[in-house]
Amino acid sequence: TSDDYLAWLIGEVEAIEGPVDLIGHDWGGGHVARLACERPDLIRSWATDIAGCFDPEYVWHDMAQTWQTPEVGEQAVAQMAAAPLDARSARFESLGMTADVARRVAEASNEKMGRAILALYRSAAQPAMAELGKQFPKAAAKPGLVIIPTEDGFTGGEAMARRSAERAGAQIAVLGGQLVFLPAI
C-alpha cells in the first residue's frame, strides 16, 4: 500500500547519513512528497513529478481505475502476467526501455507484481489522494521542487500540479513538451 511504501522509504532514508536531497519519479515521487510532509526532519530538500495527483480535483487515469476496481483489477493483472515474456518485453521497449532493461522488467511482471499494483492503487483511490494532499503545507518545512512535464496527461496536468506546489511552498520547473510518466502497461 501507499502507507507501506512510505514506511519503507522512511526506513531507507533514516539509514542514510545526511544531508539527503530526495527526488522521486512516478509513484516514487508520490512517496517522496508524503515523506516531505510526514518526516521533513529526514531530508534537506525534495522533488516530485506527480504533485497534481494530490489535488482534490484529480481523477485517476483509466488503467489506475481498472486496477482500483475489485475483480476487474484482478483480471487485468492476470492478463498482464499471462502474456508471453517476449510480448511483455516488446511492450516495455515500446515505452523507451532498452531491450535488456525491458526483458528484466517483463520477467518481474508476474502475479506478485500484480498484487503489489492492486494494493498500491487501491490504497490511493480517491478520496485518499486528496486527503494526503491536505498535508502538503507540511512539506514547506524543506525546500521542494514540483516538476511539471506539460505533455503528461496522467498526473492531473499543469494547473493541479501548480496548486499542489503552492500548498507545499515548492518551486516549480516546467518541462515544456515533455512526457516523463510512462503510460500504464
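1. Rings of Phe, Tyr and Trp (its six-membered ring) pair if their centres lie within 6.5 Å; planes under 30 degrees apart count as stacked, over 60 as edge-to-face and the rest as tilted. With that in hand, a search of the whole structure turns up six aromatic pairs.

2. A quick word on the source: this is a predicted model, where local features need pLDDT of at least 70, side-chain atom pairs count only at pLDDT 80 or more, and totals for chains, interfaces and linings use all residues. Residues are numbered from 1 along each chain as its sequence is written, and side-chain values use heavy atoms, with hydrogens and water left out.

3. Start with Trp 27 and Tyr 121. Their ring centres are 5.5 Å apart and the planes stand at 90°, so this pair is edge-to-face. Trp 27 sits in helix 2 (residues 27–38) and Tyr 121 in helix 7 (residues 111–123), so the pair links distant parts of the chain, 94 residues apart. Helices (H or I, at least four residues) and strands (E, at least two) are DSSP runs, numbered from the N terminus. Trp 27 is buried at 12% relative accessible area, and Tyr 121 is buried at 7%; buried means under 20%, exposed over 50% and partly exposed in between (1.4 Å probe, protein chains only).

4. Next, Phe 54 and Phe 136 make a tilted pair, 4.9 Å centre to centre with 40° between the planes. Phe 54 is in the loop between strand 2 (45–48) and helix 3 (62–68), and Phe 136 in the loop between helix 8 (128–133) and strand 3 (144–149), so the pair ties together parts 82 residues apart in sequence. Both Phe 54 and Phe 136 are buried.

5. Ring pairs also gather Trp 27, Tyr 58, Trp 60, Trp 67 and Tyr 121 into a cluster.

6. On to the strands. Strand 3 and strand 4 (residues 171–175) run parallel, joined by five bridges; two strands pair if DSSP finds at least two bridges between them. Ile 148 stands opposite Val 174 in strand 4.

7. Now the core, meaning a set of buried Ala, Val, Leu, Ile, Met, Phe, Trp, Tyr and Cys residues joined through side-chain atoms within 4.5 Å. The largest nonpolar core has 41 residues, and Trp 46, Trp 60 and Val 146 are among those that touch the most other members. Helix 2 gives the largest share of this core, six residues.

8. Finally, Val 146: beyond its neighbours within four places in sequence, its contacts (heavy atoms within 4.5 Å) include Trp 46, Ala 161 and Ile 172.
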